[in-house]
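Q: I am new to this structure. Could you walk me through its features, one at a time?
A: Gladly; have the sequence and the structure in view.

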Amino acid sequence: MSSTPLRSLVSSASRIPALKRASIPPSSRYASSSSSSKSSKSSTQTSPLPNDDWTLPHIHVGPTHPSRYSQHYHNTLSSDLMYMTYSHRLAQKPPKPEPVQPPQTAYEANRPRPPIMRGNRALRTKTTQIDVDNVPKLESVIIHTMVKEAIANKSALLSAIMALRAISGETPNGGGKKGSSGVEVIVAKKSAAAWKLRAGMPVSVKVELKGDAMYDFIQSLVDFVLPRLRDFPGIPLPPSSTPKNSPASLTGIVSFGFNPTTMSFFPQIESNTDAYPRLHGFHVYFKTSLRGENAHEHARTLVSGFRIPFHRR
């Protein structure tokens, strides 16, 4: 068998791919290579979006942890307060007064009516009726501090604003809470020439806490601040000679104050004390839902349930 047919087959097979490669024009080959390089670059580098198409996503900040003191009130303290402060006398509704009968004769119609008792005493606050649906509770906690140096220099309020904002964590409508006023600057209502004070001058700051922020502040106060106060027997009680009908006794507000050193014991201040050029004394007001008779005593009972001690002078 001769080798000529085999050589012809090999030569013909080697020509086919060469013809195929020659059939592809160089321009299309360059275009395909450029398109492949462009596709690889586009996969690695994305073009920036125009500014009109980009919108800020809605971020909702929810609760990060359960409030331990809030759970303590709803699970334990509320039932104890109901047992200790319930009044059977107030629970009994008084009978309705009999309606006034119209005069029967002309003699009764022309008789003068009995005189109306008048006096200079203020109207007594209606006593809050304590029942299952109306258990004493905390409505808000107010932290207030006054800066005397702000009368001469308004910038002296900045350190107090920074400290209260760090302690409370409150900003206007911050944390997704609508209605939060944050730290407020209080101005003088009246002028006082002895202190060179004019009406409208900023002299103090305050912040009002509600909800879980209120219970978080109480937890920081009880767990970190009060145990570190030296020779602290508790919040002083009013003297026993205080009349029970005084305006302070009829309001369910418990207030007490601390010196400037106490502010440095809060963890938010202690971690960065050098950032605050000056510390200030402050007052804390516990506003409850109680009003009327024995309101102040029951409010102190509620506050003491959060492990805040009281002592008699």
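Q: Let us start with helix H10. How many of its residues are buried?
A: A residue counts as buried when its relative accessible area is under 20%. By that test, seven of the 10 residues in H10 (residues 295-304) are buried, so the helix is mostly covered. One caution before going on: this is a predicted model.

Q: Which residues of H10 are buried?
A: They are Ala295, His296, His298, Ala299, Arg300, Leu302 and Val303.

Q: How far apart are histidine 298 and proline 136, in sequence and in space?
A: Read two numbers side by side. In sequence, 162 residues separate histidine 298 and proline 136. In space, their C-alpha atoms are 8.0 Å apart.

Q: Where does proline 136 lie?
A: Look in the loop between helix H5 (106-110) and S1. Proline 136 has 1% relative accessibility, so it counts as buried. Beyond residues up to four places away in sequence, proline 136 touches Tyr73, Leu81, Thr85, Ile130, Ser289, Leu290 and Leu302. Arginine 291 is 155 residues from proline 136 in sequence, with 9.9 Å between the two C-alpha atoms.

Q: Phenylalanine 306 is found in a loop too. Which one?
A: The loop between H10 and S7. Phenylalanine 306 has 1% relative accessibility, so it counts as buried.

Q: What does phenylalanine 306 touch?
A: Not counting residues up to four places away in sequence, it touches Tyr69, His72, Tyr73, Leu77, Leu138, Tyr215, Ile218 and Val222. Take Leucine 77 from that list. Leucine 77 and phenylalanine 306 are 229 residues apart in sequence, yet 8.5 Å apart from C-alpha to C-alpha.

Q: How do I read two packed helices?
A: Two packed helices are described by the angle between their axes and the distance between the axes. Here, the axes of H3 and H7 come within 7 Å and cross at roughly 100°. Angles of 65 to 115 degrees count as roughly perpendicular, so H3 is roughly perpendicular to H7.

Q: Which residues make the contact of H3 with H7?
A: H3 supplies Arg68, Tyr69, Ser70 and Tyr73. H7 supplies Asp212, Tyr215, Ile218, Gln219, Val222 and Asp223. By type, the residues of this contact are five nonpolar, two polar and three charged.

Q: How do I check the length of a helix, say H6?
A: Set its span against the span expected at 1.5 Å a residue. H6 (residues 157-168) has 12 residues and reaches 16 Å from first C-alpha to last, close to the expected 16 Å.

Q: Which residues of H6 are buried, and what covers them?
A: The buried ones are Leu157, Ser159, Ala160, Ile161, Ala163, Leu164, Ile167 and Ser168. Their cover includes strands S1 (138-146), S2 (183-187) and S3 (202-209). It also includes helices H7 (212-225), H8 (260-263) and H9 (267-270).

Q: Where do aspartate 231 and asparagine 294 lie?
A: Aspartate 231 is in the loop between H7 and strand S4 (235-236). With 73% relative accessibility, aspartate 231 counts as exposed. Asparagine 294 is in the loop between S6 and H10. Its relative accessible area is 28%, so asparagine 294 is partly exposed.

Q: Now the whole protein. How many helices and strands does it have?
A: There are 10 helices and seven strands. Of the 313 residues, 29% are buried. The accessible surface is about 22,600 Å², and 57% of that belongs to carbon and sulfur atoms.

Key
Residues are numbered from 1 along each chain as its sequence is written. This is a predicted model: local features need pLDDT of at least 70, side-chain atom pairs count only at pLDDT 80 or more; totals for chains, interfaces and linings use all residues. Side-chain values use heavy atoms; hydrogens and water are left out. Helices (H or I, at least four residues) and strands (E, at least two) are DSSP runs, numbered from the N terminus. Buried means under 20% relative accessible area, exposed over 50%, partly exposed in between (1.4 Å probe, protein chains only). Accessible areas come from the Shrake-Rupley method with a 1.4 Å probe; for residues, only the protein chains shown count as cover. The expected span of a helix is 1.5 Å times one less than its number of residues. Contact means heavy atoms within 4.5 Å. Axes are lines fitted to C-alpha atoms, for helices over the stretch in contact, and angles run from 0 to 180 degrees between N-to-C directions. Angles under 35 degrees count as roughly parallel, over 145 as roughly antiparallel, 65 to 115 as roughly perpendicular and the rest as oblique. Ala, Val, Leu, Ile, Met, Phe, Trp, Tyr, Cys and Pro count as nonpolar, Asp, Glu, Lys and Arg as charged, and the others, Gly among them, as polar.
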